[in-house]
Amino acid sequence: MQDTPETARERSRTRIRTKRILKEPLAFTLQVLKAFKANQGLLLAGAVAYYALLSIVPLLILVVIVLSHVIEPERLFAALSDYLAFVVPGQSAALVTELHSFLDHREVIGGVLLVTLVFFSALAFTVLENAMSVIFFHRVKIKRRRFVVSALLPYLFILFLGTGLLIVTLVSGALKHMGEQSILWFGDVVSLERTSAVLLYLTGVVGEILLLTAIYLVMPVGRLSFRHALIGGVTAALLWEVTRHLLVFYYETMSQIAVVYGSLTTAIAALLSVEIGAIVLLLGAQVISEYERIGHESIEVKPKPMHTEPPKS
């Protein structure tokens with residue numbers, strides 16, 4: 001089957017991009033960081049982190065209330081505890097405890113509270129979409145997203161997250177059950193506990209990559225190829241895994257955060273984790289943006305800083 005002219009051009013650009021990155025990986029990395037700084041990446045990450053912290057608890061409450069009608073609550077909370085550790089290292093137990101308490105008193109949820117939960121659970125996605133529009137400004141100049149699509153997108157993504165959590169809960173339950181089993185290997189009884197633990201971790205990492213890829217695929221304006229979204233997803237996931245393990249090590253060995261902040265420790269630790277996570281998420285988006293750009297430009301181009309123009313008189 002003969003390729004279309006557009007497919008042939010895209011393959012040619014992909015070869016050019018790959019050759020340039022392999023030839024100058026350090027230059028590409030520095031260019032990503034320069035562009036991230038020019039786009040006020042830390043400021044954007046702060047906004048995303050703030051609204052993510054406002055959204056995470058309402059979002060989890062909604063998901064838990066819905067999924068508790070399908071899955072046993074204890075099984076659901078066990079899976080949540082495992083996979084929240086990928087999002088807020090060291091603080092997943094505190095979040096699950098609060099969710100457990102809320103679920104025990106879910107009969108107090110009225111119409112006003114339900115609408116409030118739905119509204120706040122979508123805030124982070126709206127702010128993230130705006131942050132992505134800054135990083136992918138070259139796409140926004142060409143094509144803008146309709147208001148209705150932007151308004152519905154957060155709720156469609158919440159539905160996607162709920163479905164993903166349902167699948168992950170079922171898979172993790174099966175893997176934990178496997179860990180309780182043993183096999184006979186050349187006359188010796190071998191426990192599958194270690195194998196189960198490795199598969200659980202790999203399931204979490206793969207789920208993390210797919211979630212990030214989905215964010216990069218949907219949030220930027222215009223059609224982004226799955227390959228480009230996957231590049232950003234893998235980059236961000238690897239960066240976050242390294243960062244997450246360093247955070248866990250820091251909290252468990254050197255941190256004096258509980259001494260300084262007392263009862264606010266959980267909130268501060270969660271904010272720090274979400275802030276770093278937002279930086280990693282936007283860095284992954286910047287990698288995709290620069291990867292797209294070097295298909296028709298050289299790697300080292302001075303980034304144009306973001307600025308506002310006064311209204312014309």
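How are H3 and H4 oriented to each other: roughly parallel or roughly antiparallel? We will get there after a word on the model.

## About the model

This is a predicted model, in which local features need pLDDT of at least 70, side-chain atom pairs count only at pLDDT 80 or more, and totals for chains, interfaces and linings use all residues. Residues are numbered from 1 along each chain as its sequence is written, and side-chain values use heavy atoms, with hydrogens and water left out.

## H3 and H4

Helix H4 covers residues 73-84, and H3 packs against H4 at an angle of about 150 degrees, with the axes 11 Å apart. Angles over 145 degrees count as roughly antiparallel, and H3 and H4 are therefore roughly antiparallel to each other. Their crossing is right-handed (the near helix is turned clockwise from the far one by less than a right angle).

Leu60, Val64 and Leu67 of H3 meet Leu76, Phe77, Leu80 and Leu84 of H4, where contact means heavy atoms within 4.5 Å. By class, this contact of H3 with H4 has 7 nonpolar, no polar and no charged residues.

## H3 and H5

Now for the other partner: H3 (residues 41-67) packs with helix H5 (residues 92-104) at about 55 degrees, their axes lying 10 Å apart. H3 passes H5 in a right-handed crossing.

On the H3 side, Val57, Leu60, Ile61, Val64 and Ile65 make the contact, and on the H5 side Leu95, Leu99, Phe102 and Leu103 do. The contact of H3 with H5 has 9 nonpolar residues, with no polar and no charged ones.

Conventions. Axes fitted to C-alpha atoms, helices over the stretch in contact; angles between N-to-C directions. Helix = DSSP H or I, 4+ residues; strand = E, 2+ residues; numbered from the N terminus. Nonpolar A, V, L, I, M, F, W, Y, C, P; charged D, E, K, R; others polar. Parallel < 35°, antiparallel > 145°, perpendicular 65-115°, else oblique.
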